[in-house]
Amino acid sequence: MAIPMRPRLLAALAPTFLGFLLLQVAAGAGTPPGKAFNLTWISTDFKTILEWQPKPTNYTYTVQISDRSRNWKYKCTGTTDTECDLTDEIVKDVNWTYEARVLSVPWRNSTHGKETLFGTHGEEPPFTNARKFLPYRDTKIGQPVIQKYEQDGTKLKVTVKDSFTLVRKNGTFLTLRQVFGNDLGYILTYRKDSSTGRKTNTTHTNEFLIDVEKGVSYCFFVQAVIFSRKTNHKSPESITKCTEQWKSVLGGEWPWPSVHWEARLPPHRSQHVPLWFKHSEMSLGCLRVSFGGSAFSSGDI
């Protein structure tokens with residue numbers, strides 16, 4: 001026996017049933033793909049990746065980038081990732097302004113599995129443009145590395161490593177200096193080890209030679225700078241390095257040769273004592289005190 005339903009209850013449930021029916025029809029026909037958003041260039045020392053959102057569901061992504069002839073070139077075709085490495089394109093000419101866009105391409109199930117419906121019925125799939133990208137201006141400069149340093153009396157000499165980029169010429173990777181030339185410089189920030197007061201020094205080369213106080217330890221770091229840029233012109237700070245007064249007295253920074261001292265002691269003493277000094281868990285040198293005769297080891301200090 002059927003249970004009668006009140007007219008008001010039927011009217012209340014009608015929108016719910018209608019919504020469910022529409023969802024089933026949309027699922028069968030296929031819903032239009034969503035457009036990518038939050039397109040972002042991630043680039044350091046010309047290693048360049050385009051990222052975006054969201055993760056696709058019933059569609060895939062294809063990236064297009066304009067080449068120097070202003071034609072669209074396809075990259076990362078039919079991907080479900082939300083990033084695409086475009087390094088090999090932008091390093092061809094770092095002074096060219098590139099355009100890129102992300103297309104949302106629907107797919108359908110077939111006897112061959114999932115296949116994309118690129119350009120179905122002659123229609124271009126929905127896409128989102130990225131902002132224009134000029135590698136020379138927009139790539140970030142990576143953290144510089146202090147290659148070596150030496151404090152000799154009243155002079156402190158610091159050399160910055162000339163890092164390689166992913167830009168090539170005749171099959172060889174170019175350094176930052178080879179790409180930017182005199183537009184690349186470095187800023188040295190230094191202070192006395194026992195002080196918080198800082199000083200800076202700027203160079204257009206990879207070397208610094210500054211005046212310091214004799215017998216005083218100094219700590220310092222460097223940053224790369226692109227002089228022609230108005231924004232995004234400085235790199236992160238390098239790892240801070242410090243000189244030490246006792247090292248300066250004994251002959252400069254690591255690496256050291258072995259330092260041999262000879263102690264003049266009474267003739268009846270015959271021992272040979274190797275003494276190792278350690279700093280930051282690394283042996284820096286060997287102080288050998290010779291008394292003549294055989295040797296014994298006192299171990300690391």
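This report describes the core, the strand pairing and the salt bridges of a predicted model.

In soluble globular proteins, nonpolar side chains tend to be buried together. In this model, the largest nonpolar core has 44 residues, and L50, W52 and F180 are those with the most contacts inside it. Strand β16, which covers residues 218–226, supplies the largest share of this core, with five residues.

The surroundings of W52 can be listed in detail. When its neighbours within four places in sequence are left aside, W52 is in contact with A36, F37, N38, L39, Y61, V63, D81, T82, E83, C84 and V102.

Strands of a sheet pair through backbone hydrogen bonds, either parallel or antiparallel. Strand β13, residues 184–192, runs antiparallel to β16 and is joined to it by nine bridges. Within β16, V225 is the residue that stands opposite G185. Strand β16 also pairs with strand β17, residues 241–242, in the antiparallel sense over two bridges. Here F220 stands opposite K241 in β17.

## An open sheet of three strands

Three strands form an open sheet in the order β1-β2-β5, with antiparallel pairing. Strands β1 (37–44) and β5 (83–85) stand at the edges, and each has a single partner strand, so one side of each is left without a neighbour in the sheet. From one strand to the next, the twist averages 15°.

Strand β2, residues 47–53, is joined to β5 by three bridges, and the two run antiparallel. In this pairing, E51 stands opposite E83 in β5.

## A hairpin and a further strand

Strands β9 (residues 146–152) and β10 (residues 155–160) run antiparallel and are joined by six bridges. One of the facing pairs consists of Y149 and its bridge partner in β10, V158. The two strands form a hairpin with two residues between them, and G153 in the turn has a positive phi of about 65°.

Strand β10 has a further antiparallel pairing, over five bridges, with strand β15, residues 207–211. In β15, L209 is the bridge partner of K157.

## Salt bridges

Side chains of opposite charge can pair when their charged atoms come close. The structure holds ten salt bridges. One of them joins E89 and K73, whose closest N and O atoms are 2.9 Å apart. This pair links distant parts of the chain: E89 belongs to helix α2 (residues 87–90) and K73 to strand β4 (residues 72–79), and the two residues are 16 residues apart. E89 counts as buried, at 6% relative accessibility, whereas K73 is partly exposed, with a relative accessible area of 31%. Both residues also belong to a network of salt bridges that links K73, K75, D88, E89 and K92.

A salt bridge also forms between the side chains of E124 and R101, at 3.0 Å from N to O. E124 lies in the loop between β7 (113–116) and β8 (127–129), while R101 lies in strand β6 (residues 100–110), so that this pair too links distant parts of the chain, 23 residues apart. R101 counts as buried, at 9% relative accessibility.

E213 forms a salt bridge with K192, and the closest N and O atoms of this pair are 2.6 Å apart. E213 lies in the loop between β15 and β16, and K192 lies in strand β13, so the pair ties together parts that are 21 residues apart in sequence. Both residues are partly exposed: E213 has a relative accessible area of 39%, and K192 has a relative accessible area of 30%.

Definitions and conventions. Residues are numbered from 1 along each chain as its sequence is written. This is a predicted model: local features need pLDDT of at least 70, side-chain atom pairs count only at pLDDT 80 or more; totals for chains, interfaces and linings use all residues. Side-chain values use heavy atoms; hydrogens and water are left out. A nonpolar core is a set of buried Ala, Val, Leu, Ile, Met, Phe, Trp, Tyr and Cys residues joined through side-chain atoms within 4.5 Å. Buried means under 20% relative accessible area, exposed over 50%, partly exposed in between (1.4 Å probe, protein chains only). Helices (H or I, at least four residues) and strands (E, at least two) are DSSP runs, numbered from the N terminus. Contact means heavy atoms within 4.5 Å. Two strands pair if DSSP finds at least two bridges between them. Axes are lines fitted to C-alpha atoms, for helices over the stretch in contact, and angles run from 0 to 180 degrees between N-to-C directions. A salt bridge is a side-chain nitrogen of Lys or Arg within 4 Å of a carboxyl oxygen of Asp or Glu.
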